[in-house]
Amino acid sequence: MSGSNGKYPSSDGNGGANGIIKYNRKCRDVVFLVFFIAFWVAMIVNSSFGFNQGNPLRLNFGLDYKGNVCGGKHKDFNLGELELKYYVNPNQVYQSGLKNSGVKLSNARTICLLDCPIPSEDSLNWVCDYPEGDIRISLDDWIDMNYDYYADLTPELRNSSLQLQGPCYPVIFPSVNVYWTCQFIDRPSNVSLTHWKQLNGVIINDDMVIDKSIHNSINTRSSVLKRYVADVGKSWPVLIVCGGLLPLLLSMMWLLMIRHFVTAMPWVTVFLFNGLIISVTMFYYMKAGWIGNDAISPIIGEHDPYYHVSAREQHHIRAAAFLMTCVMIVAVLSSIAIVRRILMATSVLKVAAKVIGEVHALIIFPVIPYAILAIFYMFWLSAALNLFSSGQIVRNDCNTNCCAYDLKAKRVSCDDCCGYSIHYTPHIAASILFHLFGCYWATQFIIACSSTVIAGSVASYYWARGESSAKIPFLPVFSSMKLLMRYSLGSVAIGSLIVSFVESTRFILEAIRRRLKGADIMPESWIKRMMFHTSRFCINCIELTIKSVNRNAYIMIAITGKGFFRASEMATDLIISNILRIGRVNVIGDVILYLGKLCVSLASALFAFLMLDTHKYKSSHNKITSPLFPVLACWGLGYVVATLFFAVVEMSIDTIILSYCQDAEEHQGTAHYAPPLLIETFDEQNEVQRIAQ
């Protein structure tokens with residue numbers, strides 16, 4: 001490669017003997033590296049805020065009348081076993097369901113219990129406040145007494161209880177555990193009501209509003225989102241196995257099979273893809289209740305089989321099942337359509353298989369970025385759970401006319417009967433969005449670093465004519481890592497930032513589009529609608545283009561040591577000037593690799609369904625409200641892991657082709673350093689295209 005004639009010289013300005021890549025470079029894009037480091041400092045500060053203020057128990061469990069989180073350990077009481085929130089005063093629940101009543105359910109008196117109380121068949125059961133003051137029994141004894149010490153109360157306290165002012169409250173309505181909240185069933189016990197009236201208790205309203213009020217509170221969007229986030233946290237063993245270890249094993253198996261059975265792998269990949277996507281879709285059908293009797297249910301534990309409760313999670317899983325059906329149909333038809341092109345993909349993959357066999361440590365190298373990402377994801381998920389639950393517990397400001405007996409003060413208090421809520425400030429939402437963006441940028445950065453290292457290793461192979469050479473450093477993977485760490489981290493940082501920014505913008509615009517559609521304020525005229533949908537299409541095209549340019553820019557960074565923008569320009573010029581020569585050589589190969597990544601991620605999702613279907617994740621404490629988010633998390637993690645390992649093949653093909661284009665540019669259209677197998681591949685490609693025409 002002659003530097004005097006070359007259009008794309010080495011980083012030192014002149015080519016080396018025999019076209020070997022030069023390693024004397026300069027640090028590039030240092031400003032962006034400094035920005036990346038500053039961003040990570042901000043990520044650590046942001047995460048520390050979550051660790052200091054958050055409590056993941058808040059995502060699932062409610063608050064009691066003292067502001068304590070059910071299921072947690074507190075100064076006065078250890079509520080570790082008491083996870084269920086129960087509304088002790090049915091009249092407050094009833095009033096909160098009335099329109100224009102001014103009473104909110106969040107101000108109704110609640111207590112944490114071990115299980116939902118059941119009305120007695122021959123008497124009247126009670127649920128009393130936590131034992132304190134003159135009630136000298138332990139919390140464990142209180143639990144053993146079924147929360148009922150009414151018989152031990154003084155006449156004054158009994159009279160207060162009959163006014164629904166505590167410290168004891170009657171169990172009139174049966175209730176069922178719906179997502180760790182005891183939801184009333186609007187069928188009051190006649191026996192309990194009769195006893196209550198005989199004791200001259202106040203009138204208790206028994207309208208069906210009492211059922212709907214709690215149900216609506218459980219099904220708010222914020223409550224559903226919290227439960228989804230909690231599902232991901234509780235299913236961490238599933239994430240490790242199905243989102244980490246399984247895709248690692250499958251990806252390495254796929255690389256080894258590409259190395260030794262390259263001819264059969266495209267066919268195997270297409271066949272497995274179709275089988276896996278159909279299987280995953282069937283699991284969605286099962287959880288949606290369309291197949292079998294394994295549909296998700298919001299009710300936890302044993303209950304009346306004839307009593308049903310609806311929840312947003314059920315609607316979401318059905319929507320996911322419908323979406324998967326559409327994706328499955330399109331995917332299967334598309335895979336059938338590319339069958340005729342598989343021979344072309346085989347010839348391209350042979351080149352990559354040759355490289356994998358010749359370049360030392362190329363198969364094992366992705367384990368390094370995999371380990372870095374695994375450590376990062378564990379830290380990130382822990383911080384995310386705390387950030388999502390980092391609001392402050394504050395007493396509500398209410399004007400409710402209510403009173404309750406205070407066992408410590410030994411009197412009825414009407415001043416502090418307002419309930420407690422978790423208050424989220426706007427900066428918490430900003431912290432969560434920042435945390436999500438940081439995860440995506442870090443993922444893209446690690447993938448970009450891995451791709452650049454692979455590209456540098458494969459480029460060394462190409463410029464040695466595909467043979468071993470004394471000028472190729474021993475273990476070129478580690479030599480390429482050294483060059484990246486020393487000179488090009490800033491270039492990789494800006495490239496990954498651009499992709500992350502474009503992706504985030506697309507997600508935000510899509511969220512705005514859905515909200516506008518839900519509010520029924522979409523553009524009415526056909527011109528505005530056309531512009532609206534065209535803008536969506538353009539954003540998607542820009543995203544795909546940037547991803548493609550970035551990938552090729554990383555290759556040129558590895559070869560020449562240039563900065564990101566200069567490398568992007570060089571790569572784009574090479575591809576445009578050689579587009580007719582390389583033709584469709586890389587397109588079908590990329591499709592097969594994409595299907596391979598989907599196979600790994602779909603297998604991760606399938607095994608996640610199987611693990612989540614065990615008794616552990618259906619029991620009271622560890623129950624997963626819906627497999628939707630844990631399965632999607634395993635799907636995404638599986639795809640990221642597959643991307644790291646499949647980049648060995650993907651970047652090998654792209655680097656060989658881009659090096660071929662650069663080689664041809666510098667030698668008047670004839671590639672001097674192209675390995676024989678690559679030349680044969682181009683010849684076969686041209687022959688296949690000629691026959692197809």
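Me: Is D613 buried, exposed or partly exposed?
Reply: This is a predicted model, and D613 has a relative accessibility of 26% there. Buried would need under 20%, and exposed over 50%. The value falls in between, so D613 counts as partly exposed.

Me: Which side chain meets D613 in a salt bridge at 2.6 Å, N to O?
Reply: Side chains of opposite charge can pair when their charged atoms come close. The cut-off for a salt bridge is 4 Å. At 2.6 Å from N to O, the partner of D613 is K287.

Me: How many residues apart in sequence are the parts that K287 and D613 tie together?
Reply: The side chains of K287 and D613 meet in a salt bridge. K287 lies in helix 9 (residues 265-288), while D613 lies in the loop between helix 18 (585-612) and helix 19 (628-666). The pair therefore ties together parts whose separation in sequence is 326 residues.

Me: Is K287 buried or exposed?
Reply: The relative accessible area of K287 is 6%. Buried means under 20%. K287 is therefore buried.

Me: Where do E650 and K597 lie, the two residues that link distant parts of the chain?
Reply: The side chains of E650 and K597 meet in a salt bridge, 3.1 Å from N to O. They are 53 residues apart, with E650 in helix 19 and K597 in helix 18.

Me: Which residues do salt bridges that share partners join into one network?
Reply: The structure holds 10 salt bridges. Some share partners, and these join residues into one network: K287, D294, D613 and K618.

Me: Which residue forms a salt bridge with R227?
Reply: R227 lies in helix 7 (residues 221-234), and its partner lies in helix 10 (residues 312-337). The closest N and O atoms are 2.8 Å apart, and the partner is E313.

Me: What is the relative accessible area of E313?
Reply: R227 counts as buried at 4% relative accessibility. E313 is buried as well, with a relative accessible area of 0%.

Me: How many disulfides does the structure hold?
Reply: A disulfide is a covalent bond between the sulfur atoms of two cysteines. One joins C70 to C112, with the sulfur atoms 1.9 Å apart. Another joins C116 to C182, 2.2 Å from S to S. C128 and C168 also form one, and the total is three.

Me: Is the disulfide of C70 and C112 left-handed or right-handed?
Reply: The torsion about the S-S bond of C70 and C112 is about -80°. The disulfide is therefore left-handed.

Me: Where does C182 lie?
Reply: C116 and C182 have a torsion of about -100° about their S-S bond, so this disulfide is left-handed. The pair links parts of the chain 66 residues apart: C116 is in the loop between strand 2 and strand 3 (126-128), and C182 is in strand 6.

Me: Is the disulfide of C128 and C168 left-handed or right-handed?
Reply: Both C128 and C168 are buried. The torsion about their S-S bond is about 100°, so the disulfide is right-handed.

Me: Are the rings of F36 and F445 stacked or edge-to-face?
Reply: F36 and F445 are both buried. Their ring centres are 4.3 Å apart, and their planes meet at 25°. Planes under 30 degrees apart count as stacked, so the pair is stacked.

Me: Over which ring does the charged end of R109 sit?
Reply: R158 lies over the face of Y150, at 5.3 Å from the ring centre. The charged end of R109 is 4.0 Å from the centre of its ring, which belongs to Y65.

Me: How far apart are the end C-alpha atoms of residues 624-649?
Reply: The unreviewed UniProt entry annotates several spans as "transmembrane region", including residues 624-649. This span is 85% helix and 0% strand, and its end C-alpha atoms lie apart by 37 Å.

Definitions and conventions. Residues numbered from 1 in each chain as written. Predicted model: local features only at pLDDT ≥ 70, side-chain atom pairs only at ≥ 80, totals over all residues. Heavy atoms only, no water. Disulfide = S-S within 2.5 Å. Helix = DSSP H or I, 4+ residues; strand = E, 2+ residues; numbered from the N terminus. Buried < 20%, exposed > 50% of the residue type's maximum accessible area, 1.4 Å probe, protein only. UniProt positions renumbered as here; feature names shortened; annotations may be inferred. Phe/Tyr/Trp six-rings, centres within 6.5 Å; stacked < 30°, edge-to-face > 60°. Lys NZ or Arg CZ within 6 Å of the ring centre and 35° of its normal.
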